[in-house]
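Please walk me through how to read this model, one feature at a time.

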Amino acid sequence: MISVYYFGAISLVLIGLYAVLVKKNVLKILIGLSIMESGVNLLLVSVGYIAGRSAPILSEGVGPNNAVDPIPQALVLTAIVIGVATTALALSAAIILYEKYGTLNIEEIRRLRG
Amino acid sequence: MNGQYASLLIALPLISAFFVPLIKGAGEKAVKGYLVLITTLQTAVAAWVFQTVYTTGKPIIVMAGAWKPPVGIDLYLGHFAALFVLIVAAVSFMTAVFSYVADIKPPADKYVMLSLLLMLGATGMIATGDIFNLFVFMEITSITAYALTAYNKTGEAAEASLKYMILGGIGSSFFLIGLTLIYGSLGTLNMAQIAQLAGSMNPTVAQVGLSLIIFGLAVEAELFPLNAWAPDAYQAAPYAVAVMFSAFVVKAGLYAMVRLLYLMQTVKSWHSVLSLLIAMAVLTVVVAEFAALRQRDVKRMIAYSSISQVGLIAFALALGTRAGVDAGVFHMINHAIVKALLFLGVGYVGVKLGGTSIEDFRGLGRRMPLTAFTLTIGSLAAVGIPLFNIFWSKIRILVAGIEAGYTWGVALILGASVVEAVYYIRFIHAMWFTGEGERIGEGISMSLILLFLAALVIVIGVYPQYAWSLAQKAGNDIFNVGQYIKNVPLMPLTGVGA
Amino acid sequence: MLKRALAIITLLIIGYWLAQGLTGVPFGQDRMLVGQYYLNNVIKQTGSVNAVTAIVVNYRGFDTLGEVTVLFIASTGVGALLWRRKKKRTARTEGSVVLTTGARLLVPFILLFGVYIFIHGHLTPGGGFPGGATIATAFLLLYMAFTQYEIPHGAFEKTEGVAGMSYVLVGLIGLALGGYFLYDWIWQQWHWGINDVGRLFSGGFIPIIYTLIAIKVGTELSGIIDNMLKEEVRE
Amino acid sequence: MNCISCISYIIVGLMIISAILAVEWKDLLAAAVGMAAVSLFASFLFFMLQAPDVAMTEAAIGAALSGAVFIFAIKRTQRYETEDEEKPGWWVRW
């Protein structure tokens with residue numbers, strides 16, 4: 001039996017991956033990637049959680065021995081920013097794509113061939 | 001000079017990239033000249049690091065913020081990293097000269113910033129000794145690569161870039177899940193400490209985590225199921241960018257993959273991951289060679305050839321033997337030289353003649369004899385003819401493959417090499433024996449760079465000893481994990497996970 | 001439909017495989033190794049009460065430098081891709097009265113809140129990234145409320161560059177003074193604020209770096225918004 | 001089962017539902033809002049996992065700004081997804 005947080009995180013990853021695999025609209029694929037990233041972040045934070053401890057801000061009665069693991073939180077902070085950076089860049093590529101081809105359907109965007 | 005000054009390898013490109021917005025008013029030529037200047041400085045710093053590491057024989061460990069690993073992040077500049085950081089800087093310098101000569105679509109200042117940051121990302125990926133820091137540098141490399149792929153702002157470029165972004169996004173998510181599993185069971189992110197503790201990991205967790213990491217890095221390393229973006233990106237990107245992709249972006253991905261793979265070699269399920277990687281590598285070689293055969297565009301054809309060579313390198317590195325790793329590293333060096341030569345030459349032709357389809361290359365021997373000559377040397381080397389550099393590394397890879405018992409893989413690779421010979425000979429034929437044309441002037445700086453690379457190809461081909469000894473030292477750096485752990489000054493920690 | 005079913009089956013297999021891996025990493029257990037070291041030493045070594053901030057800025061400062069670079073690349077890349085010779089905002093309808101009045105009233109407070117978030121990064125949750133994002137939200141509000149509003153691009157781009165350079169320079173000063181890149185010279189060498197742990201003026205170079213990061217993040221995100229909203233005009 | 005874990009079950013459920021809706025809605029504007037909702041629920045979960053820093057960052061960057069950037073992109077492209085016969089996998093084809 002896995003924890004509900006793990007379950008939520010894996011579900012988000014799989015739902016995002018499903019959108020990437022099956023959907024044809026570029027923006028929908030990017031929404032899928034974004035959901036997948038949220039899932040990964042949730043997974044990373046839940047790995048660092050320790051039952052019964054509080055946030056790693058060491059004031060007002062929180063000592064080194066009753067705080068959760070701070071490293072995954074620091075990593076997720078980085079990962080969130082990286083995620084939004086990728087999303088913004090991908091969206092501007094999608095805008096160019098729409099300006100040039102007039103569509104966002106990947107079936108119709110197949111000009112690059114050998 | 002103190003070894004900590006090697007952190008300039010990261011600090012210099014960063015601070016100069018941030019400086020570009022302040023000087024962009026000075027005009028396009030000035031900004032491009034600035035790029036040449038910074039890459040020269042970077043090459044000088046890299047040469048100093050290379051010289052220090054290879055004369056003392058000891059790696060330079062850069063500790064950010066004076067924190068000893070695993071508390072802080074360390075840069076591990078061992079034999080491999082010192083060599084490849086130099087290659088990255090030198091190739092960046094050549095592409096900077098190329099960009100100075102060629103027309104770059106506006107805005108040139110953004111192009112300069114992105115080129116500097118691509119160099120920074122690859123340098124960081126090769127140098128870092130921390131697995132999450134590797135992820136950050138991988139993202140720097142790949143996001144810059146996305147932006148540079150789409151830089152021409154045509155529909156094709158945007159299409160290739162989006163393809164790359166989607167695959168890269170899946171890859172980085174998978175890498176992060178694998179990292180989560182490894183961190184969750186070991187409680188550390190430092191590579192040396194991971195190697196130290198890997199034997200105590202739960203085999204299932206290790207297998208899932210390592211496979212996810214390999215899968216994530218395979219996008220960057222252009223291995224088979226995940227490399228559909230590569231030919232499109234090579235074709236649609238500006239010429240200088242294709243050079244950088246082939247010469248060092250792929251290498252950085254491959255290196256990261258192999259470093260992590262060998263660090264985890266005490267894991268019980270290690271061999272199953274190795275055979276997965278071998279299968280991917282052999283498929284890459286075969287599929288890419290056959291795809292290259294039917295190309296009409298020379299840039300795309302060379303891109304497929306580059307992918308197949310990368311598959312060959314991955315095959316050698318995944319053999320799990322010392323000979324395989326050495327040969328793979330040697331092939332990495334040779335491949336960087338040859339592909340830089342080919343892409344620069346093709347790009348120069350593209351700039352001068354306005355296109356890179358095979359029709360444009362007819363009669364090149366008469367129109368641009370020097371470029372045609374260097375391209376011929378590059379093609380012959382890529383086929384693997386004796387007396388050219390790739391011959392030596394290819395033969396060593398094949399021997400190592402047979403020694404390790406992968407005769408089927410070697411047979412398939414040999415078959416694919418025949419295909420490679422066919423299309424390169426077709427290319428040489430088109431350049432020298434068909435078509436007519438007027439002589440076109442070739443610029444002095446580009447000619448010098450092309451001749452220098454061609455000379456390197458031949459010198460290494462005739463006297464492979466020095467390059468081979470470099471490759472052996474670098475290969476030992478990857479293969480000898482015990483030495484790696486000993487070199488990193490790990491701080492002893494006590495905790496639940498230890 | 002068949003493809004869809006196939007995809008779902010593949011995903012279920014991947015999910016099962018991931019769950020297999022995750023059973024080896026049970027939820028809610030103490031597996032800290034390096035994390036415990038950070039928790040034990042964070043106040044003494046960095047002067048920051050918030051351990052996450054200390055890790056982000058000080059212990060793992062290299063990651064953060066990279067992270068700032070990633071955002072810089074994104075804003076540069078968006079600027080390069082959406083670059084046109086001449087571009088303008090094309091929105092025609094002005095925001096409603098509620099939006100314009102609200103924007104006028106709220107923008108100073110949002111900016112103030114952003115500043116509060118980032119300068120207290122070493123004491124409370126928050127820091128440079130959410131602080132910078134909050135500042136960008138203020139500009140987003142202005143963009144939505146007024147059709148003619150534009151940020152001063154030249155100044156913003158230069159600010160972005162200067163903030164990034166200052167971050168690297170702070171690191172290089174550490175290299176010059178302490179011998180290590182990104183060395184916290186203010187806390188470890190000058191011992192400033194050593195008696196003020198838990199108050200605003202402490203934490204070594206963390207407040208300085210978080211201020212620079214917030215300025216950079218704020219200008220970059222507003223630059224991205226600006227680039228996304230303007231379209232090419234042909235004369 | 002105490003009250004806190006009960007809340008976490010509810011939030012995970014809502015998060016998964018909004019993710020599915022974000023993927024399935026044909027109106028891309030609605031889908032972008034659904035994606036922002038996923039981020040918002042994730043940020044609640046971060047808060048419950050004792051990660052207030054991450055919760056703030058996710059709410060400010062993941063939910064607000066990336067949603068806004070998506071909406072601007074939709075404004076400059078098209079709002080509705082056109083769906084015909086399924087032929088997926090453009091990005092793995094050579």
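The dialogue below takes up confidence, chain shape, core, interface and helix geometry in turn.

Q: What conventions apply, and how is the numbering done?
A: Residues are numbered from 1 along each chain as its sequence is written, while chains are lettered from A and ligands numbered from 1 in the order in which they are written. This is a predicted model, in which local features need pLDDT of at least 70 and side-chain atom pairs count only at pLDDT 80 or more, whereas totals for chains, interfaces and linings use all residues.

Q: What is the mean pLDDT of chain A?
A: The score pLDDT is the predictor's confidence in each residue, from 0 to 100, and where it is low, the predicted coordinates should not be read in detail. Chain A has a mean of 85, with 94% of its residues at 70 or more, and chain D averages 83, with 86% of the residues scoring at least 70. For the complex, the predictor gives an ipTM of 0.92 and a pTM of 0.93.

Q: How many helices and strands are there in chain C?
A: Helices (H or I, at least four residues) and strands (E, at least two) are DSSP runs, numbered from the N terminus. Chain C has 9 helices and 2 strands, arranged along the sequence as α-α-α-α-β-α-α-α-α-α-β. Its radius of gyration, taken over C-alpha atoms, is 23 Å, well over the 18 Å that the globule rule (2.2 Å times the number of residues to the power 0.38) gives for 235 residues, so chain C is more spread out than a compact globule.

Q: Which residues have the most contacts inside the largest nonpolar core?
A: A nonpolar core is a set of buried Ala, Val, Leu, Ile, Met, Phe, Trp, Tyr and Cys residues joined through C-beta atoms within 7 Å, where buried means that 20 or more other C-beta atoms, placed from the backbone, lie within 10 Å of a residue's own. The largest such core has 387 residues, and A94(A) and V85(B) have the most contacts inside it; helix α3 (residues 70–101) of chain A gives the most to this core, with 21 residues.

Q: How many residues of chain D are in contact with chain C?
A: Two residues are in contact if their C-beta atoms, placed from the backbone, lie within 7 Å. By this criterion, 15 residues of chain D touch 18 residues of chain C.

Q: How far apart are the end C-alpha atoms of helix α2 (residues 28–48) of chain D?
A: The expected span of a helix is 1.5 Å times one less than its number of residues. The 21 residues of this chain D helix should span 30 Å, and its end C-alpha atoms are 30 Å apart, which agrees. Just after α2(D), Q50(D) takes a positive phi of about 60°.

Definitions and conventions:
Buried ≥ 20, exposed ≤ 12 C-beta atoms within 10 Å, placed from the backbone.
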